[in-house]
Amino acid sequence: MDAQTIFEKSQPGRLGVMPPLSDVPLPSQPPMWPSGMGRQEAPPLPELSELDVLRHFVGLSQKNYSVDTQFYPLGSCTMKYNPRLNERMAALPGFTQLHPLSDPQQAQGALELMYSLQEALGEITGMEAVTLQPAAGAHGELTALMVMAAYFRSRGEERHLVLVPDSSHGTNPASAALAGFQVVTLPSAANGLVDMLALESHLGPQVACLMLTNPSTLGHFETQIEEICELCHRHGALVYYDGANMNALLGLARPGDMGFDMVHLNLHKTFSTPHGGGGPGSGPVGARGPLVDFLPGPLVAKGERGYHFMTPSQSIGRVRTFWGNFGVLVKAWAYIRHLGAPGLKAASLHAILAANYLQELLKEAYDLPYPGRCMHEFVLSAHNLKAEKGIKALDVAKGLLERGFHAPTVYFPLIVEEALMIEPTETEDVETLEAFAQAMLEIARQETAEDLHQAPRHLPVSRLDEALAARRPVLKM
Amino acid sequence: MAYLPHTPADRQRMLERIGLSSLEELTEIIPSQLRLKRPLDLPPALSAYEVERYFEGLAQRNATFSQGHFLGAGAYRHYIPAVVDTICQRSEFLTAYTPYQPEASQGTLQAIFEFQSLICRLTGLEVANASVYDGGTAVVDGVLVACAQTRRSRVLVSKAVNPQTRQLLKTYAANGAFSLQELDYSPQTGQTLLDGRLDPQVAVVVLQIPNFLGIVEDGPDLVERIHEAGALALVAIPDLHTLGLLEGPGSYGADLACGEAQGAGNPLSFGGPYVGFLACTSKLMRRIPGRLVGLTEDSQGRRGYCLTLQTREQHIRRDKATSNICSNQALCALATTVYLSLLGAQGLRAAAKYAWQNTTYLRSLIAQLPGYTLPLSGPYCQELVVQVPAGQALNLNHFLACEGIQGGYPLGEDYPELSDCILFCCTELTRKAEIEELVTALRSFKEAY
């Protein structure tokens with residue numbers, strides 16, 4: 001049967017990997033659990049041989065598209081090559097077998113690594129201090145917003161509004177709401193950037209923060225960014241930098257120099273650590289000025305007797321257990337050390353080059369609702385294709401899957417109808433970009449909507465009934 | 001430059017096509033005063049070989065104590081079979097994104113579905129999500145679900161819950177998410193005391209089993225009393241492994257089981273990446289955060305998997321979402337899925353039993369050791385609180401380190417009343433000889449001071 005689960009392959013009595021036998025004398029009596037706490041039978045787990053398990057999961061892996069097997073131009077996700085060197089470094093036993101509660105004196109290598117990374121990320125973003133605790137970008141946003149809330153509380157200011165552009169990532173408003181703020185959505189200007197008049201009309205004594213991505217989710221640089229930050233600051237509001245698009249700016253410009261007060265970075269985007277099918281990521285947060293004192297603790301500091309943990313004076317406290325997604329930090333630091341400043345700058349320049357080149361190849365066949373030079377990504381629309389031939393962005397996506405490419409991000413940002421958001425990254429060669437463009441052009445020019453509705457035809461499954469899944473949820477077996 | 005495929009000719013061709021003659025012109029969109037006019041101040045680039053040498057040097061400055069390791073306290077050392085690494089290093093799992101295009105992501109989707117199923121089977125609950133950041137954030141997420149469901153905002157947490165998890169709850173409480181009060185534990189048994197603390201404002205009571213002091217709480221009794229007050233019961237699970245021996249919280253009526261699955265397939269790795277899980281009753285299904293994978297059919301009637309109930313999530317609902325979570329810990333959840341499949345019913349039960357046997361042996365030796373006592377009488381699982389000679393907890397750990405032994409977790413900072421106590425952990429990996437060496441070292445230490 002298709003897509004058989006590991007449970008359906010189980011045979012009672014079959015053994016996989018057994019733990020080492022205990023060699024201590026057998027206890028004289030069984031455990032004295034409170035009534036109802038001890039399991040009477042073995043837990044209901046599957047029973048398979050080691051080879052069965054290996055084949056099952058290798059088989060599953062073969063049903064995935066990935067950066068290592070396909071071009072994966074998913075906008076806003078920076079699906080660049082994930083260097084194997086990083087993996088080897090994170091797998092060093094001196095890192096993987098290190099207990100997080102080790103005496104810091106016996107973990108100086110790990111602390112030095114974290115300290116060095118904090119410093120480097122501060123330099124790259126123009127921030128004074130960086131915490132490595134947040135486990136993902138959204139976790140970084142939440143952390144930063146809680147820092148800002150604590151900062152305003154300490155000043156006796158009641159600011160309960162957070163402004164987000166209508167083009168923003170969904171995590172921005174969700175993080176603001178989770179941090180206890182009310183969200184106000186700012187309409188974008190006709191060019192897709194921040195509308196200065198709309199911004200000014202919304203600013204006031206209740207506004208805590210403006211959350212912004214730069215380049216914007218349309219892939220355009222927010223050219224008035226200094227004025228935006230000044231305007232917010234004049235009204236006592238802070239400005240937050242969503243680092244999802246930092247791959248456009250390494251060594252070229254720094255959020256701190258633009259006037260941003262806090263940033264998060266996605267090490268799993270900009271700094272080449274793999275996405276792992278949805279995680280783990282890492283979302284370090286940087287701060288400037290008085291906000292530094294409110295960062296979550298502990299941070300790593302350098303003292304006379306080596307590196308140690310320290311908690312800022314007015315810290316909001318912990319935002320997770322232990323110190324951060326350390327294994328991900330190792331990979332990001334390996335990337336930064338291998339590339340150095342010139343390599344990081346070259347990465348961003350070539351990411352911008354690749355996006356502009358691909359935009360040029362595609363802008364005739366698809367609508368380009370916000371024309372002009374892009375940064376590291378650009379957003380096309382299937383609006384005309386839909387009107388003329390009934391081909392939607394989703395159909396383009398499925399047609400690309402059928403042709404052996406991963407699809408771009410579709411239906412985001414929300415301000416673009418039938419959006420196709422394309423981020424090629426710097427690690428793809430020109431032949432790959434051209435082959436992808438060829439596939440996009442074929443879909444636009446040769447395909448019919450009827451044909452595309454059948455796509456993808458050669459993958460493990462065809463289009464799925466997602467409504468059925470939601471109407472009658474089967475979430476386990 | 002490393003990882004860049006462009007030849008000078010490629011670059012030329014690409015630039016010409018967009019009407020430019022140099023890379024630097026690409027940055028002209030950035031206002032001149034914002035363009036960084038100097039190189040980033042970073043350490044010089046290293047060759048791949050030099051990177052390896054440098055990282056090996058850093059790694060060597062960490063002491064990992066592979067022979068004699070008695071530290072747990074929220075992060076646990078278990079055996080990770082080679083197949084776990086093989087699968088997690090598969091390109092197609094490692095370098096894929098969140099499965100937003102289901103036809104090209106069936107591998108990831110089915111693996112998540114199996115993770116959800118395994119967590120449900122072990123916790124005895126009906127719904128589990130695709131993972132959250134770690135065991136601590138899982139508890140916060142569970143508390144937020146409980147507050148939303150009960151429309152109450154008072155949270156009781158046992159002092160016997162991991163201190164870092166309690167710190168995390170305090171961060172959220174200080175930000176106004178809920179009010180937080182702590183429950184004492186019995187100084188005799190180490191079990192949580194609930195008497196007189198429940199009232200109709202309490203949304204949820206947070207317990208941990210086994211608790212931070214290594215003691216197994218009386219789950220059925222506590223959950224019954226919590227439900228009588230109309231509150232929800234959340235059981236935090238510090239090490240999924242213990243469910244090889246202990247009943248899942250769902251079986252004794254808990255509404256939420258939130259915990260850490262690191263011990264099942266993920267290395268210590270200095271605290272992360274780990275994998276939080278959140279399981280609950282089906283009644284709470286539409287309130288939980290994070291991704292859920294469901295079973296469905298494709299257009300030809302074949303079985304397939306897709307993300308579902310996404311109207312809870314940030315990319316659809318924005319500020320009305322149940323949570324802001326986007327990236328989770330998918331690859332770590334995959335490690336746990338492979339791990340639990342490899343150990344299976346018999347393997348996990350054996351591992352948990354051996355850990356308890358090894359702990360029992362350590363306990364029996366310490367019970368006879370002059371100068372050391374076992375202050376808590378409650379039933380234990382794989383960790384033990386040991387009272388050491390007065391004022392010597394930190395010195396003892398230094399002494400053990402010099403003997404090549406990773407000692408336990410000194411409790412004084414988190415529990416002033418246990419200032420002379422250390423929490424020791426044994427797992428299935430702990431050998432009899434290691435236990436005896438530890439006890440010998442404890443005896444020498446007592447004699448030396």
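**Group meeting: selected features of a two-chain predicted model**

Good morning. I begin with Asn82(A), a residue in the loop between helix 1 (50-61) and helix 2 (84-90) of chain A. Helices here are DSSP runs of H or I with at least four residues, strands are runs of E with at least two, and both are numbered from the N terminus.

Residues are numbered from 1 along each chain as its sequence is written, chains are lettered from A and ligands numbered from 1 in the order in which they are written, and side-chain values use heavy atoms, with hydrogens and water left out.

Is Asn82(A) buried or exposed? Asn82(A) counts as buried because its relative accessibility is 4%. The term buried means under 20% relative accessible area, exposed means over 50%, and partly exposed lies in between, with a 1.4 Å probe and protein chains only.

Setting aside neighbours within four places in sequence, Asn82(A) is in contact with Ser272(A), Thr273(A) and Pro274(A), and with Thr95(B). Contact means heavy atoms within 4.5 Å.

Thr78(A) is also found in the loop between helix 1 and helix 2 of chain A. Its phi is near 50°, a positive value in a residue other than glycine. Thr78(A) counts as buried because its relative accessibility is 1%.

A further positive phi, of about 50°, belongs to Glu418(A), which is not a glycine. Glu418(A) sits in the loop between strand 11 (409-410) and strand 12 (419-422) of chain A, and with 7% relative accessibility Glu418(A) counts as buried.

How many of the 10 residues of helix 12 (residues 393-402) of chain A are buried? The number is 9, and the helix is mostly covered. Among these buried residues are Ala393(A), Asp395(A), Lys398(A) and Glu402(A). The cover over the buried residues includes helix 11 (383-389), strand 11, strand 12, helix 13 (430-446) and helix 14 (449-453) of chain A. Just after helix 12 of chain A, Gly404(A) takes a positive phi of about 85°.

Pro102(B) lies in the loop between helix 4 (91-94) and helix 5 (106-123) of chain B, and is buried, with a relative accessible area of 3%. In sequence, Pro102(B) and Gly304(B) are 202 residues apart; in space, they are 8.5 Å apart, C-alpha to C-alpha.

As for chain B as a whole, it has 12 helices and 12 strands. Its C-alpha trace spans about 85 × 55 × 50 Å along its principal axes. Of its 449 residues, 67% count as buried. Among contacts in chain B between residues at least 6 apart in sequence, 70% join residues at least 24 apart.

In chain A, the peptide bond from Gly279(A) to Pro280(A) is cis, with omega near 5°. Pro280(A) is placed in the loop between strand 6 (262-265) and strand 7 (285-287) of chain A. In chain B, a cis peptide bond joins Gly272(B) and Pro273(B), with omega of about 0°. Where is Pro273(B) placed? Pro273(B) is in the loop between strand 6 (256-260) and strand 7 (276-280) of chain B.

Thank you for your attention.

How values were computed: This is a predicted model: local features need pLDDT of at least 70, side-chain atom pairs count only at pLDDT 80 or more; totals for chains, interfaces and linings use all residues.
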